[in-house]
Every structure is written in structure tokens, then in C-alpha cells.
Amino acid sequence: MTWMRGFLLLTAAAAACVASIGPSHGTLLIVGGGTLGPEIEQRFIQLAGGVEAPMIFIPTAEDGEPRMTATNNFLARAGVKHVTLLHTRDRKVADSEAFVKPLRAARGVWFEGGRQWRLVDSYLNTRTEKELFGVLKRGGVIGGSSAGATIQGSYLVRGAREGNTLMMAPGYERGMAFLKKSAIDQHVIARHREDDLIPVIAKHPELLGIGLDEGTAIVVEGNRFEVIGRSQVFIHDAKYKPPDGGKRRYTLSKGDRFDLKRRRKL
């Protein structure tokens, strides 16, 4: 019967949505900090729809008043013609209709680096967070580097106000969960953080730990991602059994693809 077929299709679609670890629509571009490089910059702009597409730049993770402006950021310098700077440290403002209006037209949103707790304090559980998911639902892209990478995971590492060496900080352990069941670290090789996710995954074995070095990114669509950039990505998985009995982590490099649901390299 027609109604039964429709019901089954809707049920299957809902199940697929629930099962998706990455966004069921749209794309994430998650960068490990440092200099982005033209490959990463151009991939973000391409995913957003090109230089004519409306894009948002969020510098809130920066210390003090943001140094970046609507015309002084990598998007504007790369020729993007419609860049809106979105910034507040007032949760009431972040929860207002006027503030989120530009997000409703945006095809791309970029989170600049800094300290991720500032993003938590300003945007978590507000209309801003809701509209960010709306960007993905419309098929847009959300990207970010350093703190702007870590905030995209479901478990927030280095969220402590006291400093960025504390991996697990009560009150600052929830990210925006664009990428579910994940903990995302950055600057991994550059700052000798190769093993810093180990205690996080030991305590939360359901999470996939993803550590990105500088100038390196993953491009996430649904349950798969691709590595781009110049360095490596570290995968920490409690279920992974190293052949030599060593640490439960391994590396991916440019061009490698990964299945988030099956937790294996493709």
C-alpha cells in the first residue's frame, strides 16, 4: 500500500539520521590549527558555494575583543564577497532573533581559534546553536580551526578556563556535537599532544578521539571523512587492538578516508 511504503521510507530516513555520526546533511571541515593553507581555504569556500555565497565568520574564541573584522579574515582575503562577522559574549544577544538572522541565509560558517570555553559560554544552548544546525540541514558547511575544531565534537577537551592543558574540565565537557561520539584535539604534533587523548578515551570508551596536527583537516560528510592538508590525523579508539600490543592509536595522512561508523580506514 502507498501509505505503508511512505511510512517505511520515513522510518528508514529517521533511522539513518539517528545512526549518522557526522551531519546527515551538509559538511564539516575541522582543522588542527596553524596556517590553513590554500587547499583547506579553497575547499571550505567551494563547499559553501563559492565566493558569491553568504558566509559567517565567528571570532568569539579569541581573547578580548576580536582582532578580525568582516573584511580582515581569510574568507574576505580569498575573495568571498559576502562575509558577516558574528560575535557576542552576551548569551541573551546570542539567543535573540536579530543576532541569528544572518545565520538563516548563510551557506558557510567559520569558527576562528582561541579558547573553546568562550564559545561554550556565548553560544551553547542558544538560538545561535540551533541555527548552526540549520546551516547544515540546508546543505551548508561549518568549519573551524583549533578551538573552532574542538567545539565541533560532542565531548569538549581542553575546555577549562584555567588553561588549555586540562583535558577534562567539569562544566566544560560538552561541545556542539556537529560530529557525534567524538572528542577532537588540535596542534597535535606541533605541541607534542600525540597521547593527550588517551585518558579521555580510557574514561569515555564510546568516543572516537580525533587529534589533528596543524595545517591538517578532515572533511566530514555523513559517516565518512577525508584527510586533507600537510600533516597527520591521530585516531584514538578504545576498540582498536594494535598489532604490537602498544597504544590504541594510529595515524592517517592526506588522501586517507575513514568510516566513522565502522571506525576503520577505507
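How much accessible surface does the chain have, and what share of that surface belongs to carbon and sulfur atoms? The accessible surface of the chain comes to about 12,300 Å², and 55% of it belongs to carbon and sulfur atoms, where accessible areas come from the Shrake-Rupley method with a 1.4 Å probe and, for residues, only the protein chains shown count as cover. The model is a predicted one, in which local features need pLDDT of at least 70 and side-chain atom pairs count only at pLDDT 80 or more, while totals for chains, interfaces and linings use all residues. Residues are numbered from 1 along each chain as its sequence is written, and side-chain values use heavy atoms, with hydrogens and water left out.

View 1. Helices (H or I, at least four residues) and strands (E, at least two) are DSSP runs, numbered from the N terminus. Along its principal axes, the C-alpha trace spans about 60 × 55 × 35 Å. Of the 266 residues, 52% count as buried, where buried means under 20% relative accessible area, exposed means over 50%, and partly exposed lies in between (1.4 Å probe, protein chains only).

**View 2. The largest nonpolar core, which has 47 residues.** A nonpolar core is a set of buried Ala, Val, Leu, Ile, Met, Phe, Trp, Tyr and Cys residues joined through side-chain atoms within 4.5 Å. Within this core, Val109, Ile210 and Phe225 touch the most other members, and the largest share, four residues, comes from α6. Apart from this core lies another one, of 20 residues, among them Leu36, Ile45, Ala48 and Val80. In soluble globular proteins, nonpolar side chains tend to be buried together.

**View 3. Thr216 in strand β9 (residues 216-221).** Thr216 counts as buried because its relative accessibility is 0%. The side chain of Thr216 reaches the backbone nitrogen of Ser231 at 3.0 Å; a polar contact is a pair of N or O atoms within 3.5 Å, and within protein one must be able to donate a hydrogen and the other to accept it, with residues adjacent in sequence counting only if both atoms are side-chain atoms. If its neighbours within four places in sequence are left aside, the residues in contact with Thr216 (heavy atoms within 4.5 Å) include Ile30, Val31, Gly32, Ile40 and Val227.

**View 4. Phe74 and Trp110, an edge-to-face aromatic pair.** Rings of Phe, Tyr and Trp (its six-membered ring) pair if their centres lie within 6.5 Å, and planes under 30 degrees apart count as stacked, over 60 as edge-to-face and the rest as tilted. A search of the whole structure finds seven aromatic pairs. In the pair of Phe74 and Trp110, the rings are 4.9 Å apart centre to centre, with 75° between the planes. This pair links distant parts of the chain, since Phe74 is in helix α3 (residues 74-77) and Trp110 is in strand β4 (residues 108-111), 36 residues apart. Phe74 counts as buried at 8% relative accessibility, and Trp110 counts as buried at 0%. Ring pairs also link Phe44, Phe74 and Trp110 into a cluster.

**View 5. Asn125 and His187, two residues with positive phi.** Most residues other than glycine have a negative phi. Asn125, however, has a phi near 65°, and it is found in the loop between α6 (116-123) and α7 (127-137). His187 has a phi of about 55° although it is not a glycine, and it lies in the loop between β7 (179-185) and α9 (198-203). Which of the two words, buried or exposed, describes Asn125? Asn125 is exposed, with a relative accessible area of 54%, whereas His187 is buried, with a relative accessible area of 5%.
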